[in-house]
Each structure stands twice: as C-alpha cells, then as structure tokens.
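Take the points in any order and follow along in the viewer.

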Amino acid sequence: MVADRQSRVTFLAADLLSSAQPSPTSSQKTRVGGFRRHASGRLSRRGRGRSMFTPGSRTCAYKTTSGLGKWPNKDPMGEMGGINLYCFALNCPVYGIDPLGLSFLDDAANFSAGVGDNLTFGLTRVGRKGLNWMFSDGYEDPGVDPTSGSYVAGEVTEVTVEIAVTAGGASLRHVARLTVRESLEGGARTTFRRANSLSGGFIHHINPIKGHPGGAIAKYPLPFKWAAQGAWNMKWVPSRAAHQAEHAKMLALEAVDDLRESTLLVRQAANQIGLYLDGNVCDWSVDVSASVKGVESDGGGLLAPIPETPTPMTTIDASATYEGSGEGD
Amino acid sequence: MFYIILIVVLAVIGNFLIRRFLAKEKLKDKTATVSEAGLPELAETSSLPLSVQAKDIVKKWGKPSQSKIQIGVSLHPRVKELLDEFEYIGPDNYFQPINRSFIDKPFSENKNFIQIGAWGDGSEVLAKCDALDSCIYLAEIEDGDPKHPSIIARTMDEFLVKAWNLNQDSLQLRK
C-alpha cells in the first residue's frame, strides 16, 4: 500500500511538472495539444477550456496561492478512506456531493438491508451472515450497521409502504362494493371482441374490476372505468375452465398477500429480536477449524487456501525457553 | 430488553387487530355479493332507458330459421318461440345473446338450466328448464356464482332490450 501511495504521488508530481511548467527548450509561445501556451506556463483561455484533465487547469479546479489548480471536494478523510479521493462522490466531485460525510453506497446498502430484513423476518440478515462465513471470515454481518440511520429508515419505509398498500387495498374494496360493474364496463368487452375479431370464448379482466367466482370481492380490485374499459386489461380465454384458472392464479397471489398482511408486525418484531440477540444474548459466531491432511486451517472460511503439499505439524517444545528482548520483531 | 418486550407485545396486539379486521372484511365481501338464502339475484345492467321494442330488435337482429328446434326439456313458451323462429338473434358474429346452436351443449355447472346464448363478455345466457319460469339468467364468472346464475331480465323481451342497450354502449365506445 505504501509503495502504491508513493508511486501515485510520484506520478502526480511528474504530471504536474510536465504540464504546468514550460519546457526550458521551448520558445515563449508554444503549442500544447494544438493550443497556445504562454511563457508563464499557463495555457491560453481556449486551451484551458479544452484541457479538462490537465492539473493547473481552472476548468474544474480553483486556483490556489501557489498558482496550481486543485480539484474541489476531495475526500476530507484523505487516503484513510481509500486511495481514490473522489470515490465518495462516485468519481464525480463536480456533481456528486456528500454533505453528511457519509458514504452513499454504505447508506444505500444499509437502507436496502433494513427493508429486506424487515420484510423477511430477518432471514436476509442470516443469508448475509452465511455468505460472509462462506466467502470471508466469521458468521457475522460486517457490511451492514443496524444502528445506522439509513438501516432504521429502511425499516420504517418498509413498514410504511406495507401499511399504505394494505390501506389502499381496503379502500379499493370499499369502492368496489358500492360500484355496479355494468355501469363501469358498458359494452367494453363486446367492443374488445369486435376490435380483435374474437368470437366465442370469454373476455377476462386481467386485473379484477370487482371480484372473483363465487362473488368474493378481489383483494385489490380496480373499480374504475379506465380499468374496466381499457383493452390493456382484457384477455381472451377459450373456455370457462381457462377463465376460472386465471382467477385461481389471482386468488393464489392474494393468499400470499394475506400472509404478508397478517404477519406485518410479527416480521418487524422478529427482526428486532434477531438484532437484539445478535448484539446481547448469543454469540452466533461459529469457529470453524478444519484439519486437512494434517494442516489446520485458520478458520478463514471455504476460500482459505489449502497448500498442495501438507506441511508437517510443528511440535512445540514446552520446555524450550525464549531468549528475546521481549519487543516483537 | 424492555424495548424488545414492548415490540413483541405491540406486534401480538397489532396482528390480532389486523386479523380481526381482515376477517370482518371477508365477511362483508361475502354478504355483499351472495344472497342469504343462496337465491339468484337480479343482475345490474345498463341504465339506458328502454327506448326500443323487443319486436323491433327481433326484426333487425334475427336470422330466420328454416326448421323448428327439437329440445328435450320444457322451456317457457316465449323462449321456445324465439328459438324456433331464429337461428340467432344478434348484431354480428361477436355478440349473439340468443343462439340456438348453444342448446346442443348442456350447462355443466347447473343441470336445471340450458344455455340459449352468450353475453358480451362470453358469460352463458341461460333459461330455466321450467315452462313457468320466464326469467333469463346469466352465469357470470367474475361477480357471481355460476352454480347459482343471476337473473338478468324477468322476461325475454326485457332481455332483448338490455342486449340492445349493451350493443349501443359497445358501439359508442368503439367511436
């Protein structure tokens, strides 16, 4: 890493020198990339405008007292946040901002983890831990911070959306109960037949306008003219059995949604309990050490390299004395 | 720990309330559409006024038949009369509310009925196998129970007028 930084600094310095300083052999006015350069080393206005990536150019940089331009919005953490100082703004510091000093990608990851964990009883968290155990080190979830604001925002958003969807469905059913199908449809299905030259069979509404066979109101009906009369919502089916099969599909989806609706708060609670147990009660981390051909792994997961030729186990002589200064080398 | 207990208690109470609400909703849905005694209800149809006479509709839409139909069941005399006189009564191939070709196929959902035509959406138009019953029924899939067809009109003439109005609605939509 240190070597990388040094080479990067060397490269930048060389780049700055070569572009900002005039060559001693050049005349007072010369051309760089087809643009005029003044004796001071600064490019002409036209040259400055075109040469975006030349250090010292003021197109995207501000001018410092040293006369050199610097790019704005460098990561205030410096190289502690990684060797790329503009990564926090997705390499676009001119347009990208990070006013809270947080990583955009981390926030997005935490937010989506909050949504997913709340939706799935926390099973997505277990999945992430499993993946970490398989491909990295330890049965834990280091990439997500459940105490972060974005994680909590994800949880809140998920619950809010679910409540809104549930309430929306109830409102639609209320409207559907008060609506007469014929007044919505008129002769729309006959029109659909004529427009598509369909005789015989049935015209099925893909999204139910009111209900299903037997008279039960659909869970998310669309009791509106635009849905009842829209050709986008109609489908020709050849027989009564096919028509009923279409409704059976819809009813199966509604059953899944019933499960979602009735476990809304339990899922939220299960996720919270899982987080609490992770942090306070149980140590779920699994210390896996496998011995392959006499070589003991360091518990580094499945991807830990296994040497082709087994190294013999080192025998530690308990009676040996250590003669050292005590300061590790 | 207190936070967890609070969440669990709230979740249990909340789910109990949600389930009760859902159960009530389902009950409402059932009572809203199926009659208490399971008897057929009068289906709602177009609200257009009955501005035309059934005889005019028959004259305009009916395709006369050469022979009388042989039916093994007893039907209301007016229904039988129209089926004897016409191959079908309808504006075109896509909408034929009365069509004697359907009589060959018994109505599978309820043997007390016989299919005499098809409504605009494809639902079966039915007549009861009872000479005293003048009603015309509709076996709707989406809002009704095909085993208990709903009454679409009290008489054949009223049914023809409703079919006419539906066709007018359809033509208006096409424009």
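Helices (H or I, at least four residues) and strands (E, at least two) are DSSP runs, numbered from the N terminus. Please keep in mind that this is a predicted model: local features need pLDDT of at least 70, side-chain atom pairs count only at pLDDT 80 or more, and totals for chains, interfaces and linings use all residues. Residues are numbered from 1 along each chain as its sequence is written, while chains are lettered from A and ligands numbered from 1 in the order in which they are written.

**Helix H7 of chain A**

- H7(A) spans residues 188-196 and is mostly covered, with seven of its nine residues buried. Buried here means that 20 or more other C-beta atoms lie within 10 Å of the residue's own; 12 or fewer makes a residue exposed, anything in between partly exposed, and C-beta atoms are placed from the backbone.
- Among the buried residues of H7(A) are A:Ala188, A:Phe192 and the arginines A:Arg189, A:Arg193 and A:Arg194.
- Within chain A, the buried residues of H7(A) pack against helix H6 (181-185), strand E5 (202-205), helix H8 (225-229) and strand E6 (234-237). From chain B, helix H4 (156-174) joins this packing.

**Where the chains meet**

- The contact takes 38 residues from chain B and 44 residues from chain A; two residues are in contact if their C-beta atoms, placed from the backbone, lie within 7 Å.
- On the chain B side, helix H1 (2-33) and H4 are the elements that give two or more residues.
- The largest share of that side, 15 residues, comes from H1(B).
- By class, the chain B side divides into 15 nonpolar, 12 polar and 11 charged residues. Ala, Val, Leu, Ile, Met, Phe, Trp, Tyr, Cys and Pro count as nonpolar, Asp, Glu, Lys and Arg as charged, and the others, Gly among them, as polar.

**Chain B overall**

- Chain B holds four helices and seven strands, and from the N terminus on they run α-α-β-α-β-β-β-β-β-β-α.
- Of its 175 residues, 39% count as buried.
- Among contacts in chain B with a separation of 6 or more, 44% come from residues 24 or more positions apart.

**Two helices crossing in chain B**

- The axes of helix H2 (residues 54-61) and H4 of chain B come within 9 Å and cross at roughly 60 degrees. Axes are lines fitted to C-alpha atoms, for helices over the stretch in contact, and angles run from 0 to 180 degrees between N-to-C directions.
- H2(B) and H4(B) are therefore oblique to each other. Angles under 35 degrees count as roughly parallel, over 145 as roughly antiparallel, 65 to 115 as roughly perpendicular and the rest as oblique.
- On the H2(B) side, B:Ala54, B:Ile57 and B:Val58 make the contact, meeting B:Asp157, B:Leu160, B:Val161 and B:Trp164 of H4(B). This contact has six nonpolar, no polar and one charged residues.

**Strands of chain B**

- E4(B) is largely enclosed by the rest of the structure, because six of its six residues are buried.
- E4(B) and E5(B) pair in the antiparallel sense over five bridges; strands pair if DSSP finds at least two bridges between them. B:Ile114 has B:Ala127 in E5(B) as its bridge partner.
- Five residues lie between the strands of this hairpin, where B:Gly122 takes a positive phi near 105 degrees.
- An open sheet of three strands has the order E1-E2-E3 in chain B, with antiparallel pairing. E1 and E3 are the edge strands, each pairing on one side only.

**A loop residue, B:Glu109**

- B:Glu109 sits in the loop between E3 and E4 of chain B.
- With 15 other C-beta atoms within 10 Å, B:Glu109 is partly exposed.
- Not counting residues up to four places away in sequence, B:Glu109 touches B:Ala139, B:Pro146 and B:Lys147.
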